[in-house]
Amino acid sequence: MTNNIQEKLDKLENNIDSLKNKTKKTGEGKNNTAGNMRYVMQITVDLLSGLAVGAFIGYEIDKYFETKPLYFIVFMILGMAGGFLNLIRNLNK
Amino acid sequence: MAADGGHSPLDQFKITNMHELTIAGYDIAFTNSALFMVLASLFGTSFLLLATKNQQLVPNRMQVSAEFLYNFVKDMLVENAGPAALKFFPLAFSLFMFVLLANLLGMVPYSFTATSHIFTTFALAAILFVVVVIAAFMKHGLKFLSIFLPSGAPAWLAPLLIVIELFAYLMRPVSLSIRLAANMTAGHTMLKVIAGFILPLGYLGGWLPLLFLVILTGFEIFVAILQAYIFTMLACVYLSDAVELHH
């Protein structure tokens, strides 16, 4: 009688283990897709806003000092560098 | 169809004046965007006032939902910025309620999504940015500027690094506002585009986009809540700068 119960319990444990592994696998796959979408949004926003801030500040300085394309280009590159810096920090988090 | 005066998917973002008003040469007309911002504030305020009017030890449904929102934002703030940041709780909670209600009001048919415009979201992010900078300067004084110099960098690289760090800091409110506005604009445009497929496909094929539309509407409501959550969470992360210095 006890043997029988033990056998049943073992069987149940195996069942639970295999089901757990299954859900783990599918869960991981799902998380990867959602996680990748998050990264896509993060990369787009970070790179774009870095460029936008640099370009805006450069454009205003150019308008003030009448040095037309100089600071626009310099600050756009610096803003891009800032965007990459933020991106690397956010992705490493 | 859009070319001959039909409905474009972007028509929903058009700002129209409801009331002309010009003061000292500035056009400060009351627009549909302003109407929905006022509605969002009114909804939030009246909901919270009603929910906390008769406080009981065993709360009713309204009180439970208000307490849930309160604890949600409070936990988020403590987790991201520490218990010392609780003095900024009113700001974080107001931001959360306003963004959440503006997003959700945008899901009502024939309404306007105030948070789909970068000017609205950037104003919110700019308030946050100014508060963080002022509070950080009040707390740390000029030592606050040390976050712009990464420790362990060679001295000859410092001028370049300081400028790049400054840009990385300045773009935080921009990325915060672009993220919210882009998500709301993209979602609402997609809904309208898919809705535009229904009638041309007729009785036979129109059911498929209709089904998609129902699913996507539910998804958009989820995105509206999620984006309010993300906006507030990033606001809490930025507020942590006002409490302690990071390098």
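**Close-up views of a predicted two-chain model**

**View 1. The buried residues of helix 2 of chain B.** In this predicted model, helix 2 of chain B buries B:Gln63, B:Ala66, B:Leu69, B:Val73, B:Met76, B:Leu77 and B:Ala81. Buried means under 20% relative accessible area, exposed over 50%, and partly exposed in between (1.4 Å probe, protein chains only). Helices (H or I, at least four residues) and strands (E, at least two) are DSSP runs, numbered from the N terminus. What covers these buried residues? The cover includes helix 1 (32–51), helix 3 (89–105) and helix 6 (207–243) of chain B. Contact here means heavy atoms within 4.5 Å.

**View 2. Helix 2 of chain B from end to end.** The helix runs over residues 61–81, 21 residues in total. From first C-alpha to last it reaches 30 Å, close to the 30 Å expected at 1.5 Å a residue. The expected span is 1.5 Å times one less than the number of residues. B:Gly82 follows the helix, with a positive phi near 85°.

**View 3. The largest pocket.** Its volume is about 1,600 Å³. On a 1 Å grid over the protein atoms alone, a pocket is an open set of points where a 1.4 Å probe fits, with protein on both sides within 12 Å along at least five of seven lines; lining residues have an atom within 4 Å of a point. Grid points are joined across faces, edges and corners, and the volume is the space filled by probe spheres set on them. The lining has 44 residues, and A:Gln42, A:Asn90, A:Lys93, B:Arg179 and B:Leu234 lie nearest the centre. Which helix gives the most? Helix 6 of chain B does, with 14 residues. By class, 23 lining residues are nonpolar, twelve polar and nine charged. Ala, Val, Leu, Ile, Met, Phe, Trp, Tyr, Cys and Pro count as nonpolar, Asp, Glu, Lys and Arg as charged, and the others, Gly among them, as polar.

**View 4. The second largest pocket.** This pocket holds about 1,000 Å³ of space. Of its 29 lining residues, B:His7, B:Gln12, B:Leu191, B:Lys192 and B:Ala195 are closest to the centre. Helix 5 of chain B gives the most, ten residues. The lining has 17 nonpolar, ten polar and two charged residues.

**Notes.** Residues are numbered from 1 along each chain as written, and chains are lettered from A in the order written. Local features need pLDDT of at least 70, and side-chain atom pairs count only at pLDDT 80 or more, whereas totals for chains, interfaces and linings use all residues; side-chain values use heavy atoms, without hydrogens or water.
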